[in-house]
Amino acid sequence: RRLRSTLREFRPLIDQAWSRRLSDDLTWLGKCLGAARDADVLVQRLRESAAQLDDDYGAQRTRFIAALHEGLDPKYRTVRRALRSPRYAHLLDRLISAAAQPRLAANADRPARVVLPQLIRKPWRKMNKAAKQADSRSPDEELHELRIRVRRCRYTVESGLPVLGSAAGRFASKLSALQQVLGEQHDAV
C-alpha cells in the first residue's frame, strides 16, 4: 500500500510509464495478500468474541474456529502461489532496481523542502474534504474512503519527515491514530 501510495502521490516527479507498471504489479500483489489478510482479521475478531462465551459453548466454539480456519486454506494457497510465481520474482527485482535507481521526471531536481509541501497539499485537500462530509451517520463505504484518504495523506507526510521536521511528525502521528480508529471500524464491518 505504501509503495502504491508513494508512486501515486509522487507522480509529478516520477516517470509515468515506469511508475504505472510497478503500480499495476503492486496492485496485483495487494489483491492476493488482501483476501487472506481480511480473512485473518475476521477469524481473529471472531476468536476473541467466542472466547468470551461461557465454557458451556467450548466445543461449539472449537468447531466454529476450526471451520473458519479451513475456509482460509484457499486464500493462503493463493498467496503461496503468488509468492512463488515468476511475476512476483520479477516484481522483487524491479523494486530493488527502483530503490537503487528510480526513474525520475525532469523536474525532480528541485529541493525537497519546496516540493514536499506541494505534494502533501493534494492528499491533504482530498482527506479534508472527505472528513468534512463524514459524520456519525456516514455509511461504512464513506468512512472506508475517508480511511484511505487519511492513509494516503499520512504516507505522503511521513515520506517528508526528514525534511519537514517535528511538526510533520506530530501531524503524521495524529493521522495514524485516526487511520487506526477508522481501520478498526472497517475491520468490524
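Helix H5 gives the largest share of the lining of the second largest pocket, 4 residues. This is a predicted model, where local features need pLDDT of at least 70, side-chain atom pairs count only at pLDDT 80 or more, and totals for chains, interfaces and linings use all residues. Residues are numbered from 1 along each chain as its sequence is written, and side-chain values use heavy atoms, with hydrogens and water left out.

First, the terms. A pocket is an open set of points on a 1 Å grid over the protein atoms alone, where a 1.4 Å probe fits, with protein on both sides within 12 Å along at least five of seven lines. Lining residues have an atom within 4 Å of a point. Grid points are joined across faces, edges and corners, and a volume is the space filled by probe spheres set on the points. Helices are DSSP runs (H or I, at least four residues), numbered from the N terminus.

The second largest pocket has 24 lining residues. Nearest its centre lie Thr6, Phe10, Ile14, Pro102 and Leu104. Two or more lining residues come from each of H1, H2, helix H4 (86-100) and helix H5 (112-133).

The largest pocket is lined by 26 residues. Closest to its centre are Arg1, Arg4, Gly30, Gly34 and Asp38. Helices H1 (2-9), H2 (16-51), H6 (140-159) and H8 (166-188) each supply at least two lining residues. H2 gives the largest share, 12 residues.

The table sets out volumes and lining classes. Ala, Val, Leu, Ile, Met, Phe, Trp, Tyr, Cys and Pro count as nonpolar, Asp, Glu, Lys and Arg as charged, and the others, Gly among them, as polar.

| Pocket | Volume | Lining by class |
|---|---|---|
| Largest pocket | About 640 Å³ | 8 nonpolar, 6 polar, 12 charged residues |
| Second largest pocket | About 440 Å³ | 19 nonpolar, 3 polar, 2 charged residues |

Now to helix H5. Ile120 is found there. Is Ile120 buried or exposed? Ile120 counts as buried (under 20% relative accessible area), because its relative accessibility is 12%. Ile120 touches Thr156, Val157 and Leu164 (heavy atoms within 4.5 Å), not counting residues up to four places away in sequence. Ile120 and Glu9 are 111 residues apart in sequence, and their C-alpha atoms are 8.0 Å apart in space.

Lys122 also lies in helix H5. Lys122 is partly exposed, with a relative accessible area of 46%. Partly exposed means between the buried limit and exposed, which is over 50% (1.4 Å probe, protein chains only). Lys122 and Trp18 are 104 residues apart along the chain, with 22 Å between their C-alpha atoms.
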